[in-house]
Amino acid sequence: MTDPVNPPNLRPDLAPKARFSEPARAGQPTVGMVSLGCPKALVDSERILTRLRAEGYAISPDYSGADAVIVNTCGFLDSAKAESLEAIGEALNENGKVIVTGCLGAEEDYIRGTHPSVLAVTGPHQYEQVLDAVHGAVPPSPDPFIDLLPATGVSLTPRHYSYLKISEGCNHKCKFCIIPDMRGKLASRPAHAVVREAGKLVEAGVKELLVISQDTSAYGVDIKHAEERGHRAHITDLARDLGALGAGKDLWVRLHYVYPYPHVRNLIPLMAEGLILPYLDIPFQHAHPDILKRMARPAAASKTLDEIAAWRADCPDITLRSTFIVGYPGETEEEFQTLLDWMDEAQLDRVGCFQYENVDGARSNDLPDHVPAEVKQDRWERFMEKAQAISEAKLAAKVGQVMDVIVDDIDEDGIATCRTKADAPEIDGNLFIDDGTKGLSVGDIVSVEVDEAGEYDLWGQLKS
């Protein structure tokens, strides 16, 4: 395994830290959960815990207080694999009874080669196998008067926002990625099931739906955009249906992992109308056509600039976020400079960046001319310097504007941590309100006048 080069604090793919709040009753069998990786994995953890809670198990974030521990792993990068192996080892040391699931679970021999004593290894979204393993390690002992009732879903995010997974898998064959090998090809959920789940979340008090998948804009392709119970499985129709849930309410609908297919332009009018947030999370990965070809991605960076210009013409308030890879095998200084020049033209609002890593099983490992580590680091620093300067200038232009924000936290000093419509949880910036927050509650959506800007964050005052 190669030395990890992307530590967790520099990886823009990670989900927020899972939150656990419900205490166990005396004698209740308890299962611990360690959830690693992206928001899609966090949703898998929520589904597993919802099933366990319905069977009478308590959920704990603490190894020592649990009868067994589930580790939901990530296998996106070799550094993520190393993090997963470390978490498994820590759980074994602290508890001893460990069940492994998630993306890295697709490589059972790899896991057992380091940790042969784990009780079971299952792949991503193999919920039944995880439950079987838990039953074998810790038999359920439900209280028929408290448990065995239809459980509301266990949420590992704050009450006011929730991830909404609309499909599994991916049909792309990018050379640097093994996620399709782990999670399979695209498998879309029926649109009516997605809308029903979203409706229940809104009824439970969720103010922001974060729509996620491996390829959100391909939603419904595998089921031929089937229409069932009045809902069609196409991302434009689904976005419209989800936005309609917010009629008469404060509801934000945010789209993640949207590939820039031509039909994405049909989403922009929905943003301009206010049905969904004017926010697109698009993994461009690079800008030079030769690099994109070596990645086995669509090589249309110039057309992408045209699309960005068209989106902004139709919805001037749109926020664009993306992730990029620097130091891809064969990347020349000229190709990297093309990426920097493209960034100058694209003026993206929010940007994350990985240094390229070999991942066991990825076809990019066999490409010639791998970039030395020190060159990758230098390019990462130069790229992020460019992205930071663009972010700082864009945020400075927001000083004096009045905008809606959602309150994520209020600390003991009364400082409110909020997000604007341009900010997704954890991966983007924040807006802070330093005073006058008495009467505010987490989950409130309020109007704020921006009075200060930094490199990635804003500060403001409540508007009366």
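**A barrel, a helix pair and a buried arginine**

In this predicted model, 5 strands close into a barrel in the order S16-S17-S18-S20-S19, with mixed pairing. Residues are numbered from 1 along each chain as its sequence is written, local features need pLDDT of at least 70, side-chain atom pairs count only at pLDDT 80 or more, and totals for chains, interfaces and linings use all residues. Side-chain values use heavy atoms, leaving out hydrogens and water.

Biologist: In which sense do strands S19 and S20 pair?

Modeller: Two strands pair if DSSP finds at least two bridges between them. S19 covers residues 445–453 and S20 residues 458–462, with 5 bridges. Glu452 stands opposite Trp459 in S20. The sense is antiparallel.

Biologist: Is Arg379 buried or exposed?

Modeller: Arg379 sits in helix H12, residues 373–396. Buried means under 20% relative accessible area, exposed over 50%, partly exposed in between (1.4 Å probe, protein chains only). Arg379 has 5% relative accessibility, so the class is buried.

Biologist: Why does H1 count as oblique to H4?

Modeller: Angles run from 0 to 180 degrees between N-to-C directions, with axes fitted to C-alpha atoms, for helices over the stretch in contact. Under 35 degrees counts as roughly parallel, over 145 as roughly antiparallel, 65 to 115 as roughly perpendicular and the rest as oblique. Helix H1 (residues 39–54) and helix H4 (residues 127–137) pack with axes 10 Å apart, at an angle of about 50 degrees. That angle makes H1 oblique to H4.

Conventions
Helix = DSSP H or I, 4+ residues; strand = E, 2+ residues; numbered from the N terminus.
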